[in-house]
Amino acid sequence: MAAPHRGSDVFETRLLIDGQWQAGVRGERIPVLNPFDGSQLCEIEAATEEDVDLAVAAAERAAPAWAARAAHERGLLLLRLADRIEQEREALARLEALDTGHPIRDCLNLDVPRTVLCFRYFGGMADKLEGSVVPVDAGFLNYVDREPIGVVGTIVPWNFPLMFTSWKLGPALAAGNTVVMKPSEITPLSTLRLGQLMQEVGFPPGVINIVPGYGHSVGQRIAEHPGIGKVAFTGSTATGRKIVEASKGNLKKVQLELGGKGPNIVFADANLAAAVGGAAFAIFHNQGQACIAGSRLILHEDIADAFLEKFLALARSIVLGDPLDPATEMGPLTSRLHQERVLSFVEIAKAEGGQVLTGGKRPAGDHLAKGCFLEPTVVLAKPSDRVAQEEVFGPFVTVLKFRTDEEALEIANGTDYGLGAGLWTQDITRAHRLAKRLHAGMVWINCYKRVHPASPFGGVGQSGYGREMGFEAMREYTVPKSVWVNVEAVIPPFYKR
Ligand code: NAD
């Protein structure tokens, strides 16, 4: 497959509503670009507000039967989907690499297998979600059932389109909800292919609907739609606020996975080789386009020089190239606009007195000239600088130094975000003491960016609220219903005659 073809048997580029692939009501299209060379991969049909209304109506119609279906049957469809994705591993990985610029080796070894793992986890989870019996007053039975919410709207960003779609679809569908989903207008292709695979394995019409389109129209309509009971959003903090605002009309439940400015603290007693490798993975994997990227490298003064010598050498050795080349370790950023935004932070850093230790420019070499590349960039700065406070979302790490544990904590907790945080030390007592005091939804000790479908994922502060993954996710996609039974015909004392 050189590039996906519009409307072909192989690859769908239209909307999926009520089990039918169709053009948008207004007949608009969105070009999808390859960030490696700027070429157009294809055009997709663009949904608009009217299409969201049609998709929600379809999801509402499908909801009662889907919720009533035996939980293990819903789970089985998710398990079949996981198998089908596994069969399609190479084609899906290639599609994701073309659309996002992720190196193919990462798509093959991470994006696709992690998507499979997520659908398997929630496929198995579907019939494990139990209610409870609550010890209340004598003579009464109180039980709590967990019911699906109804129609869930999902909105995801462009940085891990396939994986993030699975994080939301898995628990939403396992719990018995129907879904209207909007991929990013920049990277819609793997989601559309997923829709085809879901049809193939037998998901009924209307259970999953896909409306690719722009955020200000399609995303906004999903957030405000009165027929949607919950919106699950991953994206920037600024858009998260707009979604909360738009959701007020019907007081829908909102789950927000937003930005981050991950602190990654290296103490003087750390295993340096492990910390150097871990810190490089934390920021350079996926071109640093990860909400949980370790974008603030907080180094103890005693080891800072030794650490940086190794870290800078590693950064300079990273192989940039065509995402489809198995030797490529870092691909382009996902869009031209984003590349320009990330580059602007190099100037912002310099203007505030920051020192660019390596990188900071587009890479040399004709073969990379057309792509949205940026050299792995390391900048020494102060904790108050904008590059130490704002999310850059690129292969750009800000180095800060500290002397005491308290100082390290103060720097780490000194932003509005609170998503992931890492610390590297051999001192087990310090590790747990500081893990408790880090303002973060996830803490990694002597590792970074570990994620698994069984472990809750999410943030605090401006990084959002709600949790993906694990039992937490099943709770997020259901509502508890408390049922009281008067088992001993107790007559209340108040109006007893
Ligand atoms: P974004 O907020 O611009 O867009 C995310 C999605 O929201 C897209 O599908 C977009 O079309 C849609 N959208 C835009 N405006 C909207 C509106 N007014 N109403 C409804 N939807 C709208 O984010 P992005 O640039 O695509 O992604 C990068 C951001 O996502 C970064 O801030 C990153 O940290 C964050 N992110 C967070 C997590 C997490 O789990 N916490 C994971 C990945 C990315």
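**Touring the ligand site**

Start with the shell around the ligand: by class it holds twelve nonpolar, ten polar and five charged residues (Ala, Val, Leu, Ile, Met, Phe, Trp, Tyr, Cys and Pro count as nonpolar; Asp, Glu, Lys and Arg as charged; the others, Gly among them, as polar). This is a predicted model, where local features need pLDDT of at least 70, side-chain atom pairs need 80 or more, and totals for chains, interfaces and linings use all residues. Numbering runs from 1 along each chain as its sequence is written, and side-chain values use heavy atoms, without hydrogens and water.

Select the 27 surrounding residues (a heavy atom within 4 Å). The closest are E185, S236, T239, L258 and E391.

Now show the polar contacts (N or O pairs within 3.5 Å). The T239 side chain places a polar atom 2.7 Å from a ligand oxygen. For the K182 side chain, an N or O atom is 2.8 Å from a ligand oxygen. At G215, pick the backbone: an N or O atom there lies 3.4 Å from a ligand oxygen. Alone, the ligand exposes 840 Å², and the protein buries 89% of that (Shrake-Rupley, 1.4 Å probe).

Last, colour helix 7 (215-224), strand 10 (230-234) and helix 8 (237-246): each supplies at least two shell residues (DSSP runs; helices H or I, at least four residues, strands E, at least two, numbered from the N terminus).

Terms used:
Polar contact = N/O pair within 3.5 Å; in protein donor to acceptor, adjacent residues only side chain to side chain.
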